[in-house]
Amino acid sequence: MVLKKGNSGSTATAAILALLIVILTLWTVYIFVTKPIWSWFPPAINEIGHEIDRQFMRTLVITGVIFVLAQLGLAWVVFRYRSRGQRATYSHGNNVMEVFWTLATLIMFVGLGIYAQRTWAAVRLQPAPPDAMRIEIIGQQFKWSFRLPGPDGKFGKYKFEAHPEQEFTRDPWVVDADDPDGKDDLVLGPGSVFAVVVNQPVELLIRSKDVTHSFFVRELRLKQDAVPGMTIPLQFTATVPGEYQVVCAELCGLGHHLMGTFMKVLSQADYDAWLKDMTAE
Amino acid sequence: MTTHAGAVHAHEAPKGFIRKYIFSLDHKVIGKQYICLALFSAFVGMFLSVLMRLRLADPTIKLPFFPEGILPEQYLALVTMHGTIMVFMVLTTAPQSGFGNYFLPIQIGAADMAFPVLNMLSFWTTFLSMVVLMAAFFVTGGAPLGGWTAYTPLSALGEITGPGQGLGMTLWVIAIAIFCGASLMGAINFIATTLDLRARGLSLMRMPLTVWSWFITAGISLLAFGVLLAAGILLLLDRTAATSFFIPGNLVLTDKVIPHKGGSPILWQHLFWFFGHPEVYIAILPGMGVTSHVLSTFSRKPVFGYRAMVFALSSIAFLGFIVWGHHMFVSGMSPYVGLAFSVLTMTIGVPSAIKTFNWLGTLWGGEIRFTTPMLFALGFVSLFVSGGLSGLFLAQTSIDQYLHDTYFVVAHFHLIMGVAAIFGMFTATYFWFPKMFGRMMSESLGKLHFWLSFVGVYAIFMPMHFIGLAGHPRRYADGSGAAFLASMDPVHMFMSVAAFITIAAQFIFLFNLVWSIWKGKKADINPWQATTLEWSIPSPPPHDNFAGHEPTVYRGPYEFSVPGVADDFILQTTPPDKVVKC
């Protein structure tokens, strides 16, 4: 078999391919535009969440323009230069163009990357404000449990923290009876929901008893793995009252998809009432 | 410049069936063995994905062998084995070990690989790895459920963490460790062959971009698989010898205190992703090489910016080793480290963009011939753009906090590392089949396969981005755990149907492949009018490739449409005085 110049069918194939690329590109753009991200993303309930949405939009615009230009460029080149018996241009490239698009993408991509760090720094590099509510959240297969420090604002040590020299054969995750800080700790056992006060800074202390889990609330735009052996802080200030789904985002075993709970964002009065209920139980 | 070592390594053509087809030393037979293994594995992996998509479309579906439906733990075992088989046995073996084995020696004018026995050993070690991996399906508890990333301590604690985490998980670790050994052997062989066995006149900058991509991929393999091997051995020790590399103290599972202490679960993630991120490039670089090669051949133009392409491949390989932390932004790793990894990751978009621009530059002003390999190469470019751009979201620490471990990630890596790489393999298969078997594949079936696959993969993976944006976590057996997931059921249904159609289309490919081996039209030496060395020898090539003499190379690999020359291509081996002027 020898390919002849201007081989038959190349116009039809070129047209179909170019058309397909155009349709797939427009279809993707159509979904993004008519089903804009705010209809996919649930509304954010914290300032950081809004900033992450804005950074998402910036990235979407930049990548969207590149996506459309590259795909339509490909479709156009494919159709324009289909074989019709012409002889191809002989060229090994163009160094000026190489330098241009290297620098252009470098500035654009790295600039975007550096810009995104502001939000990251605000959540991850700043310590939580001293008046933040501190809540310990513990993952285990396949439930979340919580602990509040009580009026003294201090968490008591668990047995394994109070007596690190001991080898435990029974549950080491019990607050040590000798630690005065632990007397007023409120433990909400596996399967509980938890609550925070609206507009008040919160610092979660995320831990795990068994395997790695991940705390994820969509409306906060935040996710943090719960890693056994570590206590990982995560801070936020929720500004919209409501009840928000918590899910597990790190594969933790056969019940991974069922490991959910709720985060209530309450006014101070509602929170006080909720806390009273919890203490009474 | 190398001496002509090629002839020294030639060995006698074997006589018996076993030495010829089973324990062959011939790089071409070994290449085909790898391709067969990958093809078999690809269909196994696809079958697993059919089961997964069935469950996602209808969580209560009853199937043969699953009388109670697919249980959540079985779904997770499918996820784990689909990922493992596809990443290791398909994406790592076919593009590099398969096509690389067959065509690297020929494209550099050598009679065989530098170490033929090592080559045979690396294939059979890979085969053994696949056997051990498949055995995990058949042991008590079944296959592991911890995902192909095998995060500790879920993967380290044994049966107590779930069915499949006992013997099945142990077999998984052993299979991966064996695979690492096989890949290291292969990598050494590829590097030595490329450096030592090039024909007279074939300087590094005259090598086809396919050879460059295999050579660089071998370098990545050599540095990456050693680390995974070490990690695998440590994990095996944690599981079997009561060590605690990855297991911290005071873990409690089903009210039992785990007798380990002092280890770090995050250590596993560092070791795994130090391998795991370069692995992405191990899968995609050969696809980039063959795409450049085929785009140039069928647009009848030299590769636009050959040097820039080589530098881009090299910088992707280098940067690939210093970005692994972007898999771990929310892992509990220091947030300062995340910051550094994020900016480094954004820079890897630069060489990727350079490659895309150069592909478009290659097509520009060409005389494009729409053969099936060309269609798949063009499809590769389109998918590479689509899959690559979503990486710019995930590389940003702040956005990743939302998108991490959602379906957005699944869509991203399937497009770029899965489907684009597989389009690279299809490109290679349709392009080199005439050389390998001396017959042409059917163009009409090939084109049908392309149209269905190209539309199909977009239909599967584009909507997947949107459920990721809506916060749907990955590796969920169903949406029953959270109310917001229920609204995404129709999207799951759409993706499942698209997947079934696309997978059905792959049988067209399988049929075309098998049918063409015996019934395809006879191919001559150079059916595509291409320029590199494999097109200067018979189809299929004889046992020692160049019939005992070493070819001489006179020019670069992509001399198409040279002004003043009668033909629109000049083989690398045509002496200057034999080039017909017009």
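What percentage of the 281 residues of chain A count as buried? The share is 40%, where a residue is called buried if 20 or more other C-beta atoms, placed from the backbone, lie within 10 Å of its own, exposed if 12 or fewer do, and partly exposed in between. The views below come from a predicted model, in which local features need pLDDT of at least 70 and side-chain atom pairs count only at pLDDT 80 or more, while totals for chains, interfaces and linings use all residues. Residues are numbered from 1 along each chain as its sequence is written, and chains are lettered from A and ligands numbered from 1 in the order in which they are written.

**View 1. Overall form of chain A.** Chain A has six helices and 10 strands, these being DSSP runs numbered from the N terminus, with helices (H or I) of at least four residues and strands (E) of at least two. Its radius of gyration is 28 Å, whereas a compact globule of 281 residues would have a value near 19 Å; the radius is taken over C-alpha atoms, and the globule rule is 2.2 Å times the number of residues to the power 0.38. The C-alpha trace of chain A spans about 90 × 45 × 35 Å along its principal axes. Of the contacts in chain A between residues at least 6 apart in sequence, 71% join residues at least 24 apart, a contact being a pair of residues whose C-beta atoms, placed from the backbone, lie within 7 Å.

View 2. The secondary structure of chain B comprises 18 helices and two strands, and 64% of its 582 residues count as buried. Among contacts in chain B between residues at least 6 apart in sequence, 81% join residues at least 24 apart. The mean pLDDT of chain B is 95, with 98% of its residues at 70 or more; pLDDT is the predictor's confidence in each residue, from 0 to 100. Over residues 1-8 of chain B the pLDDT is below 50, and this stretch has 17 contacts in the model beyond near neighbours in sequence. For the complex, the predictor gives an ipTM of 0.95 and a pTM of 0.95.

**View 3. Helix 4 of chain A against helix 10 of chain B.** The axes of helix 4 of chain A and helix 10 (residues 335-347) of chain B come within 8 Å and cross at roughly 165°, where axes are lines fitted to C-alpha atoms, for helices over the stretch in contact, and angles run from 0 to 180 degrees between N-to-C directions. The two helices are therefore roughly antiparallel to each other, since angles under 35 degrees count as roughly parallel, over 145 as roughly antiparallel, 65 to 115 as roughly perpendicular and the rest as oblique. The crossing of this pair is right-handed, a term used if the near helix is turned clockwise from the far one by less than a right angle, with left-handed used if it is turned anticlockwise. Among the residues making the contact are F109(A), G113(A), Q117(A) and W120(A) of helix 4 of chain A, and G338(B), S342(B) and M346(B) of helix 10 of chain B.

**View 4. Helix 4 of chain A against helix 11 of chain B.** Helix 4 (residues 95-125) of chain A and helix 11 (residues 349-363) of chain B have axes that come within 9 Å and cross at roughly 140°, and they are therefore oblique to each other. Their crossing is right-handed. The contact involves residues including W101(A), T105(A) and F109(A) of helix 4 of chain A, together with V350(B), A353(B) and F357(B) of helix 11 of chain B.

**View 5. Surroundings of G98(B).** G98(B) lies in helix 4 (residues 93-107) of chain B and is buried, with 27 other C-beta atoms within 10 Å. Leaving aside neighbours within four places in sequence, G98(B) is in contact with G31(B), Y34(B), I35(B), A38(B) and T93(B).

**View 6. Backbone details in loops.** A cis peptide bond, with omega about -5°, joins Q141(A) and F142(A), and F142(A) is found in the loop between strand 1 (133-140) and strand 2 (143-148) of chain A. R221(A), in the loop between strand 6 (213-217) and strand 7 (222-226) of chain A, has a positive phi near 55° although it is a residue other than glycine, and it counts as buried with 28 C-beta neighbours inside 10 Å.

Definitions and conventions:
Two residues are in contact if their C-beta atoms, placed from the backbone, lie within 7 Å.
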